[in-house]
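Please read the briefing below alongside the sequence and the coordinates. It is arranged by topic and begins with the basis of the model.

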Amino acid sequence: MGKVAMLMVIASTIVMIGVSTSRIDAEIKLEQAQTEYTEKVLAREAATTFFNILTNASIKDFDGYRTENVDIMYGDALLSFSAVTNATDEVGLAATAYVGNASHSVSGIVVRTGESLLDAVTIDGPIKTARGDGNKYLITGYDTEPLGEIGSGGNSPTFGMRVTLGESAATILDELDGSQITGKYGNNSIVTGASPVDLDQLRTDILSYPYAVVYNEDLKMRGNDVFGSPDSPGVLIVNGKFEMEGNAVGYGVVLVNGELKMKGTSRWEGLVYAINDDRPKTELKEASSVYGALVMRTLSGTGSSTEDLGLPGGHFDVDVFNGPNTNEIYHEHQYDDKYDRTFIDLLSAGCKTNGGLCWADVIGGGGFTNVRVTVSSPEMSSGILTFDTDSWSAPAGQSPAEGLDRVFNVNELNAFRVTFDDLCAMRGTQPSNVQNDSGNRDGAFSIRIYDEESAGKPLIYELSVYHHIPKDYTGCGDGDGETVEVNYGKPLEFRIGGDAIVIYSSTALERLPGLLPSLEVEAEVIVLEGVRDVAGQRVRLSNGEYSTDRIYTTYENHSSTGTGQ
């Protein structure tokens with residue numbers, strides 16, 4: 001073979017080797033890419049699978065299911081997953097899977113929405129004496145089925161006791177054993193502040209019930225006496241001393257204008273409302289029980305006022321609407337007092353609970369994107385407006401009285417809050433006036449959201465805020481027309497002993513809205529919120545093993561919700 005031919009053969013061989021090497025490199029890269037993709041898919045599927053397992057288990061057994069696991073093999077995946085308590089009514093979930101050099105993490109929280117109507121015991125007025133006899137009596141806010149085990153009701157705990165006056169709370173703490181007053185936050189479950197329920201309105205509703213059984217004298221239920229039934233509870237009004245003993249049992253509402261005594265194994269399921277004025281004494285002893293709620297009040301005399309939370313001088317209400325209509329989806333009486341805040345935060349989580357203003361339910365749940373915000377009657381406000389999106393923010397310190405008119409993408413909204421500093425700057429009115437005026441909300445400060453992408457650009461969300469005042473009242477800043485000093489009667493006497501119990505029971509209270517609409521109890525829902533989905537890659541160490549540290553290459557933060565009863 002000649003030199004030329006030899007060189008041609010060599011050159012061809014080199015070219016073929018080069019082509020073959022390139023092909024091999026390409027195949028290796030393709031195989032690596034396929035391997036990386038497969039590892040990412042497997043990691044994502046493993047993490048998602050276990051996150052769903054955690055979610056379902058937490059929803060099914062919200063109070064009981066907790067777990068922490070590290071480095072568990074699941075097929076080709078190495079897993080770490082947990083369900084731990086983050087806060088009251090909140091369980092943090094996390095699942096991380098490692099496959100090869102890929103990793104994937106999913107996290108979120110499960111919360112229980114809805115709230116109790118009343119606390120187990122509410123004391124509204126000054127207290128002369130509070131006495132607990134023995135170590136067996138119990139006052140608890142743990143939701144319980146009538147005659148069931150403590151906590152068998154399944155809903156969130158209430159406070160064991162609510163006391164509206166600070167000095168009364170001090171008496172309770174001095175005289176009663178805190179370990180026998182349980183509920184929200186465990187032992188010593190006692191809170192000071194206004195009731196979430198308008199107790200005056202509640203009393204009015206009871207007195208107005210057309211089918212109430214009324215006794216204008218002392219009444220004693222004894223032996224096997226029964227009032228009402230679980231399926232047909234009633235309203236009993238006793239204008240005098242009311243006693244229950246033996247095996248007597250009642251279902252529904254009893255309003256006692258006088259002294260209340262329960263003993264034996266007597267039981268009331270529902271609401272016991274004792275207005276103790278001339279004979280301000282309530283006593284439960286032996287094995288008597290209340291399943292539902294017990295309210296004790298005085299009505300005349302002189303005493304110090306209830307602590308004024310929120311804005312001083314009264315309170316403001318809020319109404320949320322999902323269109324230009326007269327049927328609000330959420331009304332909160334004494335919003336600032338109930339949540340002890342001077343602001344409204346439209347992005348606060350929840351709807352009808354914990355101060356949430358239904359933004360995610362109406363705007364997020366409606367799938368809206370580009371919307372317009374305006375303010376109706378901005379002059380009915382004083383304070384600071386905070387509004388921030390990815391592309392625009394309101395000037396720092398801007399007053400809500402200056403108004404707001406802006407089109408924005410709801411997915412880019414970072415903050416939307418109004419902090420009020422003067423109750424007297426607000427429109428003074430009543431809820432019915434605001435709710436029945438769909439066009440102007442009776443001049444109340446109202447934030448309105450319109451859908452920019454639908455024909456006619458309809459109103460889809462409206463939040464109205466106003467100073468709730470009595471009818472025919474024209475003043476401001478002095479407690480909504482009432483004197484700062486609240487009139488109370490003789491100080492209350494409360495005594496509980498033996499095996500007596502007062503237990504919050506949503507089941508017993510949920511029977512009552514048919515009698516008294518003001519006692520509507522919102523069903524609680526377990527909700528999955530704030531799901532965070534993160535894909536990443538691990539670092540291969542010099543010894544061929546993988547670091548447990550992750551280098552995140554992609555990030556997604558979205559809201560994913562699920563519900564369960």
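What follows covers the chain as a whole, then its strands, its salt bridges and its confidence.

This is a predicted model, in which local features need pLDDT of at least 70 and side-chain atom pairs count only at pLDDT 80 or more, while totals for chains, interfaces and linings use all residues. Residues are numbered from 1 along each chain as its sequence is written, and side-chain values use heavy atoms, with hydrogens and water left out. The chain has seven helices and 35 strands, where helices (H or I, at least four residues) and strands (E, at least two) are DSSP runs numbered from the N terminus.

**The chain as a whole**

- Of the 565 residues in the chain, 48% are buried; here buried means under 20% relative accessible area, exposed means over 50%, and partly exposed lies in between, with a 1.4 Å probe and protein chains only.
- The chain exposes about 25,900 Å², and carbon and sulfur atoms supply 48% of that area, as computed by the Shrake-Rupley method with a 1.4 Å probe, for which only the protein chains shown count as cover for residues.
- Among the contacts in the chain with a separation of 6 or more, 63% come from residues 24 or more positions apart, a contact being heavy atoms within 4.5 Å.

**Strand E30 and its partners**

- Strand E30, residues 459-468, is mostly covered, since 10 of its 10 residues are buried.
- Strand E21 (residues 316-321) runs antiparallel to E30 and is joined to E30 by six bridges; two strands are taken to pair if DSSP finds at least two bridges between them.
- Within the pairing of E21 and E30, Phe321 stands opposite Glu462 in E30.
- Strand E29 (residues 445-451) is likewise antiparallel to E30, with six bridges joining them, and Ile447 has Leu463 in E30 as its bridge partner.
- Strand E28 (residues 428-429) runs parallel to E30 and is joined to E30 by two bridges, with His467 in E30 being the bridge partner of Gly428.

**A three-stranded open sheet**

- An open sheet of three strands has the order E23-E27-E25 and antiparallel pairing.
- Its edge strands are E23 (343-345) and E25 (383-389), each of which pairs on one side only.
- Neighbouring strands of this sheet are turned by 10° against each other on average, direction ignored; the axes are lines fitted to C-alpha atoms, for helices over the stretch in contact, and angles run from 0 to 180 degrees between N-to-C directions.
- Three bridges join E23 to the antiparallel strand E27 (residues 413-420), and the bridge partner of Asp345 in E27 is Arg417.

**Salt bridges**

- The count comes to 17 salt bridges, each defined as a side-chain nitrogen of Lys or Arg within 4 Å of a carboxyl oxygen of Asp or Glu.
- Arg495 forms a salt bridge with Asp133, and their closest N and O atoms are 2.7 Å apart.
- Because Arg495 lies in strand E31 (residues 492-497) and Asp133 in strand E6 (residues 127-133), the pair ties together parts that are 362 residues apart in sequence.
- Arg495 is partly exposed, with a relative accessible area of 30%, and Asp133 is also partly exposed, at 23%.
- The side chains of Glu245 and Lys263 meet in a salt bridge, with a distance of 3.8 Å from N to O.
- This pair links distant parts of the chain, 18 residues apart, with Glu245 in the loop between strands E15 (242-244) and E16 (249-256) and Lys263 in the loop between strands E17 (260-262) and E18 (267-275).
- Glu245 is buried, with a relative accessible area of 17%, whereas Lys263 is partly exposed, with a relative accessible area of 31%.
- Glu462 forms a salt bridge with Arg448, the closest N and O atoms being 2.7 Å apart.
- Glu462 lies in strand E30 and Arg448 in strand E29, so this pair ties together parts that are 14 residues apart in sequence; both Glu462 and Arg448 are buried.

**Confidence**

- The mean pLDDT of the chain is 82, and 79% of its residues reach 70 or more, pLDDT being the predictor's confidence in each residue, from 0 to 100.
- Over residues 478-487 pLDDT stays under 50, and for this stretch the model has 25 contacts beyond four places in sequence.
- Over residues 538-543 pLDDT also stays under 50, with 18 contacts beyond four places in sequence in the model.
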